[in-house]
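Dear colleague,

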Amino acid sequence: MPKRKLRIVKRVRNVPVLGICEGCDTQFSGDPNMGNAQSAIQEQFNSHPCKPLDAGQSAAPTARKAPEKT
Ligand SMILES: [Zn+2]
């Protein structure tokens, strides 16, 4: 199981409103007016399909981009 970590990058009045997965850079936002922004962010984080950026970069046949000209 890959290790993933949630990092809160933005807070409003001490309430987390924007979190980011350190493993794949996916962002999760919560609404500070809802009162449960932190758990909403945590929930999104828990269920997101985490794909670490550095893994699979060299072995991703479906994610091929145009080759760079050198
Ligand atoms: Zn992730």
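What follows covers the metal site, the core and the charged contacts.

This is a predicted model, in which local features need pLDDT of at least 70 and side-chain atom pairs count only at pLDDT 80 or more, while totals for chains, interfaces and linings use all residues. Residues are numbered from 1 along each chain as its sequence is written, and side-chain values use heavy atoms, with hydrogens and water left out.

The zinc ion has as its protein donors Cys21 (SG), Cys24 (SG), His48 (NE2) and Cys50 (SG), at 2.1 to 2.4 Å (donors being N, O and S atoms within 2.8 Å of the metal, or 3.2 Å for Na, K and Ca). The angles among these four donor atoms run from 102 to 117°, and the site is tetrahedral (four donors with all angles between 85 and 135 degrees). Along the sequence, the donor residues follow the spacing C-x2-C-x23-H-x1-C.

Both His48 and Cys50 are buried (under 20% relative accessible area, with exposed over 50% and partly exposed in between, using a 1.4 Å probe and protein chains only). Cys50 also belongs to the largest nonpolar core, whose seven residues include Cys21, Cys24 and Ile41 (a core being buried Ala, Val, Leu, Ile, Met, Phe, Trp, Tyr and Cys residues joined through side-chain atoms within 4.5 Å).

The whole structure holds one salt bridge (a side-chain nitrogen of Lys or Arg within 4 Å of a carboxyl oxygen of Asp or Glu), which joins Glu22 to Arg7 at 2.8 Å, N to O. Glu22 is partly exposed at 40% relative accessibility, and Arg7 is partly exposed at 41%.

Best regards

Technical notes
Four donors count as tetrahedral if all angles lie between 85 and 135 degrees; four count as square planar and six as octahedral if opposite donors are over 155 degrees apart and all others between 65 and 115; anything else is irregular.
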